[in-house]
Amino acid sequence: MYRLSKLRFGFPIGLFLFLFLDGSISQVFSTHLFRYSAVMVSHLVVLWLICAILFEDRIDMPLARWAAVVGAVFDLYYTGIFGVYVFIFPLVVYLTRVLTRYISPNFLSGLLIYFIDITLVEALGYLASRMVHLTNMAGSTFLVTTLGPTLALNLALFVILYFPIRWVYNWLN
């Protein structure tokens, strides 16, 4: 029971820490991340959620509920459109759980799963912005100026943070 209670408190703390770290990275490095030719968006929240599935899926945590809660906070705090990430983050949790049934979780498969999930998050966010007319960017421009650089940044963050996050999950166990 102690193991589970440590994870019960540690997971939400890490989740909200990564949520605010996403915003801090965007603020501090805004001149480098948000240029006209390339926009890079960090998705550390998605990384934390995916790592929870990769490292702790055998423990029955309500990840979809936590994903919806952090999606609501993300929507209200960062996007201003309520409902987009409330839907996207639980969908990412579901998709990752489905993928881990067929792919044995390790570093390389986690990188592949993260690639798929970031693509899904960015594409659905783009489509939602197009539907409510927040952007009029063409799909090809989105692929080149936003999706590609965002994938590059987040895959680099995955490579850098995978083992430290695994250590944290092992410590919480």
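Predicted model: local features only at pLDDT ≥ 70, side-chain atom pairs only at ≥ 80, totals over all residues.
1. Helix 3 reaches 17 Å from its first C-alpha to its last, close to the 18 Å expected for its 13 residues at 1.5 Å a residue.

2. With 19 residues, helix 5 spans 28 Å between its first and last C-alpha, close to the expected 27 Å.

3. Now for how helix 5 (residues 84-102) sits against helix 6 (residues 107-131). Their axes come within 10 Å and cross at roughly 155 degrees. Angles over 145 degrees count as roughly antiparallel, and helix 5 and helix 6 are therefore roughly antiparallel to each other. The crossing is right-handed.

4. From helix 5, the contact takes in Val 84, Tyr 85, Phe 87, Ile 88, Leu 91, Val 92, Leu 95, Thr 96, Leu 99 and Thr 100. Helix 6 brings Ile 113, Ile 116, Asp 117, Leu 120, Val 121, Leu 124, Gly 125 and Ala 128. By class, that makes 14 nonpolar, three polar and one charged residues. As a reminder for reading such lists, an α-helix has 3.6 residues a turn, so residues three or four places apart point the same way.

5. Is Val 84 buried or exposed? Val 84 has a relative accessible area of 14%, which is under the 20% cut-off, so Val 84 counts as buried. Leaving out residues up to four places away in sequence, Val 84 touches Asp 75, Gly 125 and Ala 128. The C-alpha atoms of Val 84 and Gly 125 are separated by 6.9 Å, although the two residues are 41 apart along the chain.

6. Leu 91, also in helix 5, counts as partly exposed at 28% relative accessibility. Beyond its neighbours within four places in sequence, Leu 91 is in contact with Leu 120 and Leu 124. The C-alpha atoms of Leu 91 and Asp 117, 26 residues apart along the chain, are separated by 9.2 Å.

7. Helix 6 also packs with helix 7 (residues 139-172), at an angle of about 145 degrees and with the axes 9 Å apart. This crossing, too, is right-handed. Residues of helix 6 in the contact include Phe 107, Leu 111, Tyr 114, Phe 115, Ile 118, Glu 122 and Tyr 126. Among their partners in helix 7 are Phe 142, Leu 147, Leu 151, Asn 154, Leu 155, Phe 158, Tyr 162 and Phe 163. The contact of helix 6 with helix 7 has 15 nonpolar, six polar and one charged residues.

8. Most residues other than glycine have a negative phi. His 133 has a positive phi of about 60 degrees although it is not a glycine. His 133 is also exposed, with a relative accessible area of 69%.

Key:
Residues numbered from 1 in each chain as written. Heavy atoms only, no water. Axes fitted to C-alpha atoms, helices over the stretch in contact; angles between N-to-C directions. Helix = DSSP H or I, 4+ residues; strand = E, 2+ residues; numbered from the N terminus. Parallel < 35°, antiparallel > 145°, perpendicular 65-115°, else oblique. Left-handed = near helix turned anticlockwise from the far one by under 90°. Contact = heavy atoms within 4.5 Å. Nonpolar A, V, L, I, M, F, W, Y, C, P; charged D, E, K, R; others polar. Expected span 1.5 Å × (residues − 1). Buried < 20%, exposed > 50% of the residue type's maximum accessible area, 1.4 Å probe, protein only.
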